[in-house]
Amino acid sequence: MNELVSISHHADIAVVTISNPPVNALGPGVPEGIQSCIATAAADPGVSAIVVMGGGRTFIAGADIREFGKVVSGEKPRRSLLPFLLEIEDCAKPVVMAIHGTAFGGGLEVAMAGHYRVIAPAALVGQPEVKLGIIPGAAGTQRLPRLAGVAKAVEMCAFGEPMGAQEALALGIVDRIIEGDLTAGAVAFAREVAGHPPPKTRERTAKLRDADAEIFDRARQQARKTRRGQNAPLAAIEAVEAATKLPFEAGCAREAELFDECLYSTQSRALMHAFFAERAVSKIPDVPKDTPVSEIRRAAVIGAGTMGAGITMNYANAGIPVIVKETEQEALDRGMANIRRNYANTVKKGKLSQAGMDQRLDLITPRLTYDGFENADIIAEAVFEGMALKKQVFAEIDRIARPECILASNTSYLDVDEIASVTNRPEMVLGHHYFSPANVMRLLEIVRGRATSKAALATSMALAKRMNKIGVLAGNARGFIGNRMLGPYLREAQFLVEEGASVEDVNGALYDFGMAMGPLAMSDLAGLDVGWRARREFKHLEKPGVRVPLVADRLCEMGRYGQKTGRGWSRYDENRQASHDPETAALIEQVAREAGIGRRAILHQEIVERCIFALVNEGARVLGEGVALRASDIDVVYLNGYAFPAWRGGPMFYADAVGLGTVLARIQEWSACHGEDLWSPAPLLVELARSGGTFSGFDKRREVAG
Ligand code: T1G
């Protein structure tokens, strides 16, 4: 027993409780505490059986992820949990694991080393290690197939999705669902099994026999398709396969080898960085945890276009009644039809019940007037991206809305302070910049205006969590974090085709790098006209004599906006499948000739480096100027808003992995070649590269400085 693990008695049943908040991770002292409590109970003649459970909100949510960094850096020795788990399994008295909240990773592995498992109805079990770039490392790949069967064990370990209590019971991972008081139910169950020889999971081999090789081949195919570029899913499949071919101990040894290969990889460092980065974004240094958060009971959305419809769904999905307003019936009908279609697709995929769909639609009220807006706690504006229109709308809603109502603009580029200037409540005005499709993409840039109050920010962060979004604070600079960085990335992609790379080369190089799609394909999806309109809106900001991309404007003048017109950088068939467009290729050559741009063969490495380092360089500016609080926030924006590969950790983490010295050297080469105006290295990048620093080191220093 120690301060993390305690033992109590319910007559002849010993109850071992883990208290290591916030999620009872298996940090230093926890396995030792469990071990000594079980040993004490096993030796106690008055005890007939043992229950192990988590204190607080959950069972064990896994190993302590923070410890892995210390092992990889050599600060701490790698410690195996296997002997500790064998001791539980070899206990002469039945050990019943009582699960509530989550039994994830090492938590499920501890549970499976027990003789029986009971579970609360809402609890989840799972082996999510692959999401951290590792695999189960405490015999999970050996014990799980013995309980759940090989096919399900492969799926759970290779893809890491959680499973509910009902399915876990049906598969044999748990033995009973306990309604009501879990402790009482677990103690009663323990009393039922006391006195019977406890079954050891490692000896249960019946389910290993249905190990058809096809299971592993299919899983590998799926992993290569849906987890493209990631090593851990393939390692997890191999480890479970080992369980079907080797005795338990040898299987565990093979698992340990594969685990170490993953642990000491850049991919796992990147994914663990992403895990903690996502949890850090909600911490705003000058907005204390106890900042008052207003309750959002009713919402209103202006504009039922693609973004407005998606935003409306976010409120309904969070259980918040929402009015959606349009100026014309036809537009309103189109918006509502879009919402219904989206929900119907989700129902068809089995991700939402019909009742759930109906419930959400009941929360949505379509309107052509501002009726009801006076009761809203928040009004989200999603009208056409033009300053004049936004200011007109904000002046109107400022007059109607309650004084405490937050006014949030979905602008993706425009100045939030200028929008707020037409209201009498600039402290309640900020940006809520969603990403398309707004009901799907998890990222929400929360744009802080000069006057935005801490309460409005805290309320927005809480709302993001309630909508299952990741709210990232952004300063009010043009394009905020994501779109501002996207500019140079797309610029370089376009310059590269002018200089000789094909559209397919550029898309292919970034796709192989791990992006969900190449930059030109992404522009075709978003619509080339969006950027065209923005370029015209900000033409006055362009520096005379500085090179700008030339082809996209020409394509737009020809009415070629990308997927939505069937032609853009590429040609698209009715299924939106892309193919080479010889006319675009000819146009590119012609434009280059007219502009006197020399063309040459360009290697994939240059394509990747120019695009990604352009992103990083602008990211360093965004960070240096304080538009982003942390480099890790920038990574979260790109992982969740622009489909940057999570196993690369995000652009800033990737730059640290490459080495800022190398990044700076490349940028200085291009600056000499393409000119300072295009490639002047960001001051922060220069400072860090020269001092041997990193972006993550910069984050730590900024955090300490507060
Ligand atoms: N280790 C360390 N810290 C953790 C942690 C963990 N496993 N899980 C959560 N935290 C911290 C988190 O950083 C945050 O801190 C706080 O807890 C609340 O988390 C041997 C090798 C359990 C579903 O992958 O999925 O076991 O920001 O905000 O939304 O084979 O946390 O407050 O300072 O996410 O309610 C496998 C990871 C590990 C599960 C709760 N386990 N955790 O979600 O809270 S590897 C996992 C989660 C392993 C074995 C292997 C979620 C959660 P802070 P939160 P939440």
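**Salt bridges, pair by pair**

Guide: E67, in this predicted model, is a buried residue with a relative accessible area of 15%, and its side chain meets that of K70 in a salt bridge, with 2.9 Å from N to O. K70, for its part, is partly exposed, at a relative accessible area of 25%. Because the two residues stand three apart in helix α2 (residues 65–72), about one helical turn separates E67 from K70.

The next pair joins R202 and D90, whose side chains form a salt bridge with an N to O distance of 2.9 Å. R202 belongs to the loop between α8 (182–193) and α9 (213–226), while D90 belongs to the loop between α3 (82–89) and β4 (95–99), so this pair ties together parts that lie 112 residues apart in sequence. R202 counts as buried because its relative accessibility is 15%, which is under 20%, whereas D90 is partly exposed, with a relative accessible area of 37%.

K391 and E418 make a further salt bridge, in which the closest N and O atoms are 3.1 Å apart. This pair links distant parts of the chain, since K391 is in helix α16 (residues 387–400) and E418 is in helix α17 (residues 416–420), 27 residues apart. K391 is partly exposed at 24% relative accessibility, and E418 is also partly exposed, with a relative accessible area of 32%.

Beyond these pairs, salt bridges also link residues into a network, whose members are R491, E492, E498, E499, R547, R600, E606 and R610. The structure as a whole holds 54 salt bridges.

Terms used: Residues numbered from 1 in each chain as written. Predicted model: local features only at pLDDT ≥ 70, side-chain atom pairs only at ≥ 80, totals over all residues. Heavy atoms only, no water. Salt bridge = Lys/Arg side-chain N within 4 Å of Asp/Glu carboxyl O. Helix = DSSP H or I, 4+ residues; strand = E, 2+ residues; numbered from the N terminus. Buried < 20%, exposed > 50% of the residue type's maximum accessible area, 1.4 Å probe, protein only.
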